[in-house]
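Welcome! Take a moment to look over the model below, and then we can walk through some of its side-chain contacts together.

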Amino acid sequence: MRNLLNFLAKNNHWFLFVLLEVVSFVLLFQFNSYQGSVWFSSANAVSGKVYEASSEVESFFALTKVNQALTSRNLVLEQQVRQLSEQLAKQTQDSAYLHIAKLPALQGFRLIPAKVVSNSLDKPDNLMTIDRGSADGVRKDMGVVCGTGVVGIVYMTSAHYSIVIPVLNSRSNISCTIKNRGYFGYLHWTGGVANMANVDDIPRHAHFKLFEEVVTSGYSSVFPPGILVGKIRHVYNSADGLSYRLKVILSTDFGNLRDVCVIDNAAVNERLDVMRAAKDSLIEKNN
């Protein structure tokens, strides 16, 4: 206490100076209209800045509550989307069915929607299991596609499940052609990465460009023509030098494959039977 009194006594002239300055400013701004208006405007500007800074600080510390509210709202919306997706899937039998059915090459074909229940990518002879079988109309040697292209061929069926030989299998052998070029070969997978395969037996006189599309040829009873297989990435000579081997980037992402459709090949078989009958008729006529 004594120190405080000593400090006040020692610096009393400074305190008196400050007090007189405050009194003089009060008298100046209170009894002079111009100075008063300047003070009022300046005080409002300063207080506005202070309030603005205070509001920003409060908003920053309120972000935690805002984020919690947004998280809760997003959870509700995600549940609503899931419920709507399930209802749509029940109405269409499969959420990917409508997208696959819009592929031009599949117009007029009966499609059987299915889901992939098991799949492998790291073996020379990968196999895939889908949740549709003979009870659903699936039979051996039917083609399987997804929204982006060819998947494989049905190998074996039970009542409610089927085994599919996908493109990523050394035994897979699918006839395909370079789109709008007319040159055809056979799609093979020799292991390695899951997004690349080879098209063999492309004739040496063929003319094409890199990144042109490779599609199914329709020369078998499995796939109709025009279903996308992939795009040309590299061109090599065959082992005997008599043809080309194409390295193709597959259009189907086998690592993220969930929804597929099985093609009912009854229409394909009927078309091939007509073609064979016409061919036999011409042969007999020529003989």
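Asp259 and Lys115 form a salt bridge whose closest N and O atoms are 2.5 Å apart; the term stands for a side-chain nitrogen of Lys or Arg within 4 Å of a carboxyl oxygen of Asp or Glu. Asp259 lies in strand S12 and Lys115 in strand S1, so the pair ties together parts that are 144 residues apart in sequence. Helices (H or I, at least four residues) and strands (E, at least two) are DSSP runs, numbered from the N terminus. Asp259 counts as buried because its relative accessibility is 18%, while Lys115 is partly exposed at 39%. Here buried means under 20% relative accessible area, exposed means over 50%, and partly exposed is in between (1.4 Å probe, protein chains only).

This is a predicted model, in which local features need pLDDT of at least 70 and side-chain atom pairs count only at pLDDT 80 or more, while totals for chains, interfaces and linings use all residues. Residues are numbered from 1 along each chain as its sequence is written, and side-chain values use heavy atoms, with hydrogens and water left out.

The structure holds eight salt bridges. One of them joins the side chains of Asp264 and Arg110 (3.1 Å, N to O). Asp264 lies in the loop between strand S12 (259-263) and helix H6 (266-286), and Arg110 in the loop between helix H5 (97-101) and strand S1 (111-119), so this pair ties together parts that are 154 residues apart in sequence. Asp264 is buried, with a relative accessible area of 12%, whereas Arg110 is partly exposed at 44%.

Asp200 and Arg245 also form a salt bridge, with the closest N and O atoms 2.6 Å apart. Asp200 lies in strand S8 and Arg245 in strand S11, so parts that are 45 residues apart in sequence are tied together. Asp200 is buried at 15% relative accessibility, and Arg245 is partly exposed at 30%. Salt bridges that share partners join Arg110, Arg139 and Asp264 into one network.

## Aromatic pairs

How many aromatic pairs does the structure hold? There are two. Rings of Phe, Tyr and Trp (its six-membered ring) pair if their centres lie within 6.5 Å; planes under 30 degrees apart count as stacked, over 60 as edge-to-face and the rest as tilted. Phe184 and Tyr219 form an edge-to-face pair, 5.1 Å centre to centre with 90° between the planes. The pair links distant parts of the chain, with Phe184 in strand S7 and Tyr219 in the loop between strand S9 (213-216) and strand S10 (228-237), 35 residues apart. Phe184 is partly exposed at 35% relative accessible area, and Tyr219 counts as exposed at 54%.

Phe208 and Tyr244 make an edge-to-face pair too, 6.0 Å centre to centre and with 90° between the planes. Phe208 is in the loop between strand S8 (196-203) and S9, and Tyr244 is in strand S11 (residues 243-250), 36 residues apart. Is Phe208 buried or exposed? Phe208 is buried, with a relative accessible area of 19%, and Tyr244 is buried at 18%.

## A buried polar contact

Asn198 lies in strand S8 and counts as buried, at 2% relative accessibility. The side chain of Asn198 makes a polar contact with the side chain of Lys247 (3.2 Å). A polar contact is a pair of N or O atoms within 3.5 Å; within protein, one must be able to donate a hydrogen and the other to accept it, and residues adjacent in sequence count only if both atoms are side-chain atoms.
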